[in-house]
Amino acid sequence: MTVATSSSISSPGSKLATAQLAGHLLVDCLLAQGVTHAFGVPGESYLAVLDGLHARRDKIQFVTCRQEGGAAFMAEAHGKLTGRPGVCMVTRGPGATNASIGVHTAFQDSTPMVLLVGDVASDCRDREAFQEVDYFNFFGPSTKGFAKRVERIDEADRIPEYVARAFATAMNGRPGPVVLVLPEDMLTRMTAAQPLPRVEAVQAWSDPGSLRTLREMLLKSERPLIIAGGGGWTPQSAQALQRFAENWKLPVGNAFRFQDTFDNHHPLYAGDVGIGLNPKLAARVKASDLIIAIGPRLGEMTTGGYTLLQAPRPAQKLVHIHASAEELNRVYQADLAINATMNAAARSLEVLTAPVSVAWEAWTASANEDYLENLKPTPSANLPGDIDMPAIVGLLQKHLPLDAVLTNGAGNFASWVHRFFRHHGLVKGHKTQLAPTVGAMGYGVPAGIAAAITTGRVAFTIAGDGDFLMNGQELATAVQHGAKSIIVLLNNGMYGIIRMHQEREYPRHESGSRLNNPDFAGLARAYGYAGVRITRTAEFEAELLAALERKEGTLIEVTLDPEVITTRGTLSSITQSALARVSQQSQQ
Ligand SMILES: Cc1ncc(C[n+]2csc(CCOP(=O)(O)OP(=O)(O)O)c2C)c(N)n1
Ligand SMILES: [Mg+2]
């Protein structure tokens, strides 16, 4: 392997004067794209890139992680927060396959991301060499794959072209992940190529004719409803969306896990159209005569499994605005499809002339009333035990700063913040929710750490006992990089959501969902976090305030009665209704 670096070979006046290791050029290309952080686990396949990171260590921080799944989630979270591709670096086969969960998340969540994979040397390719994987087949690039593009850089001189294309592809249209494969021998060649300039996402504007049609559709409507979400929103576009909604007095729902798109405190807010949906909002989506979907893909979770809006042709009139032409009329045949990026769409919509009065003022007001009503805890949930989750979320609302980033993975624990926490969100200048629409467990802990590392803002993570251990090892990463996050871990001794579904479908047949847990607070302390366990709501506020004050991160383990299973009912109430159903079926 070549070990020359730029300094060791340069000789003034010679053609090689500006030549450098390809691995160094790659890092320069990342710098040209404005990259400040790369998240990864090192590998011998990309030593020359690591050496480039060493050479530019004052400009770019390599965040050394403990598992590529954690690293990829961090890069994805970085992409969500900044709107620019998060960069993840991993080694071949085992590194790349570990990282795949983050790539899939970036794909389903429409997040710009670039995964760099060190690969086997080209003279060993196709022999199933050590750790060799066919990345083209593994990640897809076909329409059924989960990367937007997979490319291998075989020529060092073309690194700038490939990196610029990767960044452009990751951001343009529907944002998503791009995989760049880097053969080891290519990285150690010398090259005099220079980085290409920073690329920006291309803005797609709706045509004036479509906007006129949208206006006419609105004027004919009686029960319109905006559903906003998806990737590509900025504070400016969120503000423009708010002005559009205000001008036309339109109710706005946020799509599943894009709860920070429209300000939850605004009188036009109707709630989030996601899992555990407010039944009244579900009914409203169905009753609407005009859905204006701005940004979301309208996936399974935002459409109640394609029932609130029937696929492929909804009962409601549908205007679908999306940054990618490929997404339009893919699942839903819209009455009006507009290909526009969020910045462009929102700015076009805010100048659409509104009438003095609209027919749907009462409809809009009741949408917000339903939302506010749903913030009141459900009496039938009748929380057993000494932990009052709505009260705990209330304390989070009271004490977390306005710009705090809230993160979570997958499990019923997330439903407490999803239902009761109110985001100000983008309109106030900050993205405040990092939650995987892909529903991947283990996302919250690394996403919180990435948010802390890259923004310095308060990072708050809610986790379950199952979810936490999928990436709990990344607490070591936080401590190593001087970052803190605050984690509230709801310990109910089970993969609760799975148990809930089991009780619903196969009552009293618990199978594979019970968990024997470690001492989480002790585990957190072993990593260098503060770790405490509480069993009563009254203990929470003091622990939260201490966590906010502390320099290092904190894990607050909350012992939760297994009966406390959803925001709407207990586990035994689910069992009882399932048993009643089973006995009814057997009598028929
Ligand atoms: C990576 C991954 N594996 C498995 C699942 C399926 N799954 C979703 S939630 C869940 C259990 C979550 O348990 P826990 O974190 O304890 O949360 P709880 O539901 O108990 O609140 C499982 C197994 C998933 N979504 N993602
Ligand atoms: Mg659990």
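Which residues is Leu115 in contact with, leaving aside its neighbours within four places in sequence? Select Leu115 in this predicted model, and you will find that, apart from those neighbours, Leu115 is in contact with Cys88, Val90, Ala99, Val103, Phe139, Val178, Val179 and Leu180. Leu115 is also one of the three residues, together with Phe139 and Phe468, that have the most contacts inside the largest nonpolar core, a group of 52 residues. If you colour the chain by domain, you can see that this core draws at least three residues from domain 1 (23–191) and at least three from domain 3 (389–579). In soluble globular proteins, nonpolar side chains tend to be buried together.

**The domains**

Keep the domain colouring on, because the assignment for the protein chain lists domain 1 (23–191), domain 2 (208–368) and domain 3 (389–579). Turning to domains 1 and 2, their centres, taken over C-alpha atoms, are separated by 35 Å. The contact takes five residues from domain 1 and eight residues from domain 2.

Asp465 and Met494 link distant parts of the chain, since Asp465 belongs to helix H17 (residues 465–471), while Met494, 29 residues apart from it, sits in the loop between strand S18 (486–491) and helix H19 (496–505).

Are Asp465 and Met494 buried or exposed? Asp465 counts as buried because its relative accessibility is 3%, and Met494 is likewise buried, with a relative accessible area of 4%, where the cut-off for buried is under 20%.

**Ligand 1**

Now select ligand 1 and show what surrounds it: there are 18 such residues, and the closest are Asn412, Gly439, Asp465, Asp467 and Gly496.

- from an oxygen atom of ligand 1 to a polar backbone atom of Asn412, which is 2.8 Å;
- from a nitrogen atom of ligand 1 to a polar backbone atom of Gly439, which is 2.8 Å;
- from an oxygen atom of ligand 1 to a backbone N or O atom of Gly466, which is 2.9 Å.

**Glu557**

Move on to Glu557, which you will find in strand S20 (residues 554–559). Glu557 counts as buried, because its relative accessibility is 3%. What does its side chain lie beside? A polar atom of the Glu557 side chain is 3.5 Å from the backbone nitrogen of Phe520, and a polar atom of that side chain is 3.4 Å from the backbone nitrogen of Ala521. If you show everything that Glu557 touches, not counting residues up to four places away in sequence, you will see Leu489, Asn491, Asp519, Phe520, Ala521, Val532, Arg533 and Ile534.

**Asp335**

Select Asp335 next, in the loop between strand S13 and strand S14 (336–339). At 31% relative accessibility, Asp335 counts as partly exposed. Its side chain makes a polar contact with the side chain of Arg313 at 3.0 Å, and the Asp335 side chain also reaches the backbone nitrogen of Leu318 at 2.7 Å. Arg313 and Leu318 are among the residues in contact with Asp335 once neighbours within four places in sequence are left aside, a list that also includes Met217, Gln316 and Lys317.

**Details of the backbone**

Finish with the backbone itself, and zoom in on the bond that joins Ala311 and Pro312, which is a cis peptide bond with omega about 0 degrees. Pro312 is placed in the loop between strand S12 (290–294) and strand S13 (317–322), and Leu298 lies in the loop between S12 and S13 as well. Leu298 has a positive phi, near 65 degrees, although it is not glycine, and at 1% relative accessibility Leu298 counts as buried.

The last stop is Ser110, in the loop between helix H5 (93–108) and strand S5 (113–119). Ser110, again a residue other than glycine, has a positive phi near 55 degrees, and Ser110 is buried, with a relative accessible area of 11%.

Definitions and conventions:
Residues numbered from 1 in each chain as written. Chains lettered and ligands numbered in written order. Predicted model: local features only at pLDDT ≥ 70, side-chain atom pairs only at ≥ 80, totals over all residues. Heavy atoms only, no water. Core = buried A, V, L, I, M, F, W, Y, C linked by side-chain atoms within 4.5 Å. Buried < 20%, exposed > 50% of the residue type's maximum accessible area, 1.4 Å probe, protein only. Contact = heavy atoms within 4.5 Å. Helix = DSSP H or I, 4+ residues; strand = E, 2+ residues; numbered from the N terminus. Polar contact = N/O pair within 3.5 Å; in protein donor to acceptor, adjacent residues only side chain to side chain. Near = heavy atom within 4 Å.
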